[in-house]
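Me: I'd like to learn how to read this one feature by feature. Can you take me through it?

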Amino acid sequence: MPGERGLHAKSGVVRDAAAGGRVLGYPPALGKQETRRWIAVSKMPDALRRLKTLEKPMNGSKEA
């Protein structure tokens, strides 16, 4: 919800939030920061698959 302001469900805010800002998640975080965190977490499974694919040739070598 770009441009939306306010306090979102299950934010768990325990102190005053900045006027005009967005607070999401628990522990509460600024909306933009929390959104970036969610995006990064959603990309992790693919990143781990890619990393394992790249590591396979390295683990197969007999170099010490």
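Me: What span should helix 1 have at 1.5 Å a residue?

Reply: The expected span is 1.5 Å times one less than the number of residues. Helix 1 has 30 residues (residues 31-60), so it should span 44 Å, and its end C-alpha atoms are 44 Å apart, which agrees. This is a predicted model, where local features need pLDDT of at least 70, side-chain atom pairs count only at pLDDT 80 or more, and totals for chains, interfaces and linings use all residues. Numbering runs from 1 along each chain as its sequence is written, and side-chain values use heavy atoms, leaving out hydrogens and water.

Me: Where does helix 1 bend?

Reply: A bend is the angle between axes fitted to the seven residues ending at a residue and the seven starting there. In helix 1 that comes to about 40° at methionine 44, with proline 45 following within four residues.

Me: Is glutamate 34 buried or exposed?

Reply: Buried means under 20% relative accessible area, exposed over 50%, and partly exposed in between, with a 1.4 Å probe and protein chains only. Glutamate 34, which sits in helix 1, has 7% relative accessibility, so it counts as buried. Across the protein chain, buried residues make up 14% of the 64 residues.

Me: Which residues does glutamate 34 touch?

Reply: Contact means heavy atoms within 4.5 Å. Leaving aside residues up to four places away in sequence, glutamate 34 touches Leu24, Gly25 and Ala29.

Me: How does the pattern read along the sequence?

Reply: Helices (H or I, at least four residues) and strands (E, at least two) are DSSP runs, numbered from the N terminus. Here the protein chain goes β-β-β-α, with 3 strands and 1 helix.
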